[in-house]
Amino acid sequence: MKVRIKEWNAVSIWHWNVSEDEVCGICRVHFDGTCPSCKYPGDDCPIIIGKCNHSFHMHCLLKWLELETSRGLCPMCRQPFQTLGEDEVITT
Amino acid sequence: MKQQQAKAAGEGASTAAKKVTAAQLRVQKDLTELSLPPTMHTHFADPEDIMNFQVFLQPDEGFYVGAHITFEFAINLNFPHEPPKVKCLNKIYHPNIDLQGNVCLNILREDWKPVLSLNSVMIGLQYLFLEPNAGDPLNKEAAMDLQKSRATFAAHVKNSMRGGYVGPEKFDDVLRR
Ligand SMILES: [Zn+2]
Ligand SMILES: [Zn+2]
Ligand SMILES: [Zn+2]
């Protein structure tokens, strides 16, 4: 019996290394989804984790930090927002 | 070919249905998660427009018990990076609300942060009516009044809510509806 492969779909499951039910506090979308201005979750729409341990979609957070009214504070705890160092950022 | 058609159809649909903005998505989430006390409820004059609506408050204790207060919420496209704009539609005698209806609530101004929900703003408004704050006044006369004597302030509030005068100023009757 010959089998011809007509179609093949690659399926992979991944999610960010943050707690399962965590949502971005700014857009309220689950971290496995994108921020409202992106279409595809993953490296194009990364998550930023602050030293205060609060995480947000990078795009959501940048939009906030760009505003003068944010005074550079974390949208959650109002401490000055500092990201974890480059090599500490979790991307898998 | 098929893909092109699908794409064209998709584009047509999205322009017809108007693009849903990030602000609208967030407002939608906030509204579905509202859990207001029985003293408050929302009213959408145009159910299609979730960015503009009214909130009714009827305090069941405190200085303003029995009053019917209406707030107007106007949310712009920068929400939640900017707070909603809230106005009190009744002319009332209150230390934190001026005669034009501007509301002084810290989380609507300097203490706003994007993780705050519409629910927390509404609860904050109710709190302003249970505990008016003389320390952060928009109506200085009312604030001084409250600081001097809670009893006199209470009497002035009561009179103002009936549509009476406090000093030279006539206030709205908010006891009837
Ligand atoms: Zn987000
Ligand atoms: Zn994004
Ligand atoms: Zn934080």
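Does R26(B) count as buried or exposed, and at what relative accessibility? At 1% relative accessibility, R26(B) counts as buried, where buried means under 20% relative accessible area, exposed over 50% and partly exposed in between, with a 1.4 Å probe and protein chains only.

Before I continue, a note on conventions. This is a predicted model, in which local features need pLDDT of at least 70 and side-chain atom pairs count only at pLDDT 80 or more, while totals for chains, interfaces and linings use all residues. Residues are numbered from 1 along each chain as its sequence is written, chains are lettered from A and ligands numbered from 1 in the order in which they are written, and side-chain values use heavy atoms, with hydrogens and water left out.

R26(B) lies in helix α2 of chain B, residues 22–32; helices (H or I, at least four residues) and strands (E, at least two) are DSSP runs, numbered from the N terminus. Leaving aside neighbours within four places in sequence, the contacts of R26(B) include G25(A), I26(A), C27(A) and R28(A) in chain A, and F79(B) and P80(B) in chain B. Contact here means heavy atoms within 4.5 Å.

C27(A) leads us to the zinc ion, ligand 1. Its protein donors are C24(A) (SG), C27(A) (SG), H57(A) (ND1) and C60(A) (SG), at 2.1 to 2.4 Å. Donors are N, O and S atoms within 2.8 Å of the metal (3.2 Å for Na, K and Ca); water is not among the atoms, so sites may look incomplete. The angles among the four donor atoms are 96 to 119°, and the site is tetrahedral, a label that requires four donors with all angles between 85 and 135 degrees. Along the chain, the donors follow the spacing C-x2-C-x29-H-x2-C. C27(A), in the segment before β1 (47–49), and H57(A), in strand β2 (residues 55–57), are 30 residues apart and link distant parts of chain A. Both are buried.

C104(B) sits in the loop between β4 (85–88) and α3 (118–130) of chain B. C104(B) counts as buried because its relative accessibility is 8%.

Finally, helix α4 of chain B, residues 140–148, has A142(B), A143(B), D145(B) and L146(B) buried. The face turned away from that buried side carries the exposed residues K140(B), E141(B), M144(B), Q147(B) and K148(B).

Technical notes:
Tetrahedral: all angles 85-135°; square planar, octahedral: opposite > 155°, others 65-115°.
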